[in-house]
4 protein chains.
Amino acid sequence: MQPVSAGPSRPRPVGRGAKVHRAVLAATLAELTETGYAGLTVENIAKRAGVHKTTIYRRWQDRERLVTDAVIDLAASTLPIPDSHDIDADLRAFGRGLVGWLNSPTGQAVLAVLASDAARLPQVAKAKQRLFNDRIGRAAPVVQAAVDRGQLPVGTDPAALLKTLIAPIYLRLLVTAEPVTETTADTAAQVALTAARAGLLTGAAHQPAP
Amino acid sequence: MQPVSAGPSRPRPVGRGAKVHRAVLAATLAELTETGYAGLTVENIAKRAGVHKTTIYRRWQDRERLVTDAVIDLAASTLPIPDSHDIDADLRAFGRGLVGWLNSPTGQAVLAVLASDAARLPQVAKAKQRLFNDRIGRAAPVVQAAVDRGQLPVGTDPAALLKTLIAPIYLRLLVTAEPVTETTADTAAQVALTAARAGLLTGAAHQPAP
Amino acid sequence: MQPVSAGPSRPRPVGRGAKVHRAVLAATLAELTETGYAGLTVENIAKRAGVHKTTIYRRWQDRERLVTDAVIDLAASTLPIPDSHDIDADLRAFGRGLVGWLNSPTGQAVLAVLASDAARLPQVAKAKQRLFNDRIGRAAPVVQAAVDRGQLPVGTDPAALLKTLIAPIYLRLLVTAEPVTETTADTAAQVALTAARAGLLTGAAHQPAP
Amino acid sequence: MQPVSAGPSRPRPVGRGAKVHRAVLAATLAELTETGYAGLTVENIAKRAGVHKTTIYRRWQDRERLVTDAVIDLAASTLPIPDSHDIDADLRAFGRGLVGWLNSPTGQAVLAVLASDAARLPQVAKAKQRLFNDRIGRAAPVVQAAVDRGQLPVGTDPAALLKTLIAPIYLRLLVTAEPVTETTADTAAQVALTAARAGLLTGAAHQPAP
DNA sequence: GACTAAACGAGACGGTACGTCGAGTCTTTGT
DNA sequence: ACAAAGACTCGACGTACCGTCTCGTTTAGTC
């Protein structure tokens, strides 16, 4: 079992406890991926992490906090945002990057959480949305720059375009359970660009005035 | 002497059991919608259905079978497929119909199951895919007729088009937790049509040769 | 809606009931002997009697009444009281008869009830005592006749003598779980006679004045 | 049941468990005395012991083992064996001691088990016999000494004599449900002595050669 | 010999207790 | 002094049997 990427180090003055901390979070994610949120057992996590149950409860108040923590850790994982000033290439690269990440162990874990009752936990839901908003927020300037360069119509909503791009990918993963490849990403990118150039993805269309 | 009743088959004098059956399935779906699969309690279901716990176990072997049964029941629900020979209007109507269904209690229940650990149960996963395949399968001829009428490019893959249509809707419901309205459906329909007319949604693009 | 009929309003004695009645009581005793009172199952009794559970509940209000009824039936079984005007021979015969009866199926059933929680049921306890009192009451005149004939000391309490006779037999069956044979009965008879002739078994000795 | 006394190595750092252990056994005996084996409820035992049901199941595999353990504990209770070198006085004292013990809470519990379906449990049956054999085994030397001193006939079987002594007491308790007093014990002692002095209680009479 | 009403077969149901599993708390002990 | 070990409370699981209920189906006694 490979440990999850360390991510931003959390300065806990616990000494060697940090090792335990990471082991438990990694074990939690592994169990989450394998058995889902229902069926998640603190005792199994403890066993897999080579740690006693009480040790877990000393650090996390309950199962929800533990899962939340593990997922938040995950949501911090970054996806590089391509920016080559060629919006067609950039969107294709963005889509392929997303597909690659979703097929990686980390991405699988995130998907497992998305399609799980764990997503009902408020903190997890927040982390989930933060993850998406963060990515879209970081990619939006690239799209906006393309608009400013005239590669896309004025008024194009970067968020709407990006969502149009990623939607087919998640549909296949979460709903129809079809395999997702780079072809899927490429088609999605083309569709999104075509729609944008047809002037369909303006903010008004997606966020009507209240 | 009385002749023996004809045939070895014994008709079941099903008493009032049918009423109980329905009440339990309804209660199961309600609980599933409210609390998710984890946190689902047979005792709560029994209480809500006004039935005793053992009665439930008499009809369903365990919690999984119960949930499976409830969801399969659900998956049988049909969505009318519009067919006015105007593909633009039909797709918009299809999208709006889907949105309306997803906002109904039944749709909410289906969504709750989709985004739940219940989907890990093999039978539930099968039911889930059957639901989608069935709908797409029933809508595909309408799209194909439009192709035949020349309203869409030759070679357009009906399934790919329909998936492009529904993807943004599910993305908002399952991932970004944004509200979904008829506007969402309309935009999605336009995007899908535009992409199709750009020749992006051919079968080849989605199912590349091995 | 009572149809008027001539004579007393006596329900029609529709009659295969008696057969069922006996079958159930027999099955009850068999189960009682095999598995004891704890572990007694109405459903098993029904199965053994070739009868449906509800049929049993139609005739007996609950398990206790059923067991009570079965045992009371049993307690009515009679043991012949020897009377040859030779008290030594009679007591020996009485002891041997008791041993034989206790080793018979009926006796085994009675023992099973004696050493069972069924004896806590008031009606069963009464039946149990009635059984013993009845036997001792029927044998007492024989002993009293021996006293009158001068074969035993004046003042000898027949009940005390008979109890002294049967006590070792029941001790072996109920407490020490030793086998009981005719030798046991013979020794017990001799002991009882010796004690009586020593003047130890007068009523006063057992029922001291208050 | 007492844990093994601590040796050089302590494999079990038993917590406060010992207190719970005793409380549960005591509650088991109390319930057993009050309601018998049938009708014995683990949940009631737990409630009475101020302990949770699962705690009981952690220590005892099932109800049978629990009852067995409680009774075995009981069977360890000792009865002092009088030895004044006056066999008449000693037997009377033995009888009175037995009566006193049987009227005590401990004795009542033992009787409750004797006359219960719990006695069908193999381990309980063994414990029961061990209890009796142990007591008779410890009293036998006193009787044998009396034989050696010439107070009883040569060849007298101590076990046979002692059983003759205790038989009427158990008969009254288990069968006829009469009250048992010291008078009962005194008479029984006299009867046993008289029988022994008449040469009736030799081993041969009770244990015929196979 | 047909009618009719009691008795029976069948089985679902509410309910109690079983024995099991896991969550989360608390206590004892070793170092 | 403090953390590991594990015993404890609590709640739900899925099972067995109790005793009740309501249907239909014999079956025996009367007409």
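Among contacts in chain A (heavy atoms within 4.5 Å) between residues at least 6 apart in sequence, 66% join residues at least 24 apart. This is a predicted model, in which local features need pLDDT of at least 70 and side-chain atom pairs count only at pLDDT 80 or more, whereas totals for chains, interfaces and linings use all residues. Residues are numbered from 1 along each chain as its sequence is written, chains are lettered from A in the order in which they are written, and side-chain values use heavy atoms, with hydrogens and water left out.

**Chain A**
- Chain A has 10 helices and 0 strands, where helices (H or I, at least four residues) and strands (E, at least two) are DSSP runs numbered from the N terminus.
- Of the 210 residues of chain A, 50% count as buried, that is, under 20% relative accessible area with a 1.4 Å probe, protein chains only.

**Interface of chain C and chain D**
- In this interface, 41 residues of chain C are in contact with 40 residues of chain D.
- The two chains bury about 3,300 Å² between them, 63% of it on carbon and sulfur atoms, buried area being the accessible area (1.4 Å probe) that two parts lose on being put together, summed over both.

- Glu178(C) and Lys163(D) meet through their side chains in a salt bridge, at 2.8 Å from N to O.

Terms used. Salt bridge = Lys/Arg side-chain N within 4 Å of Asp/Glu carboxyl O.
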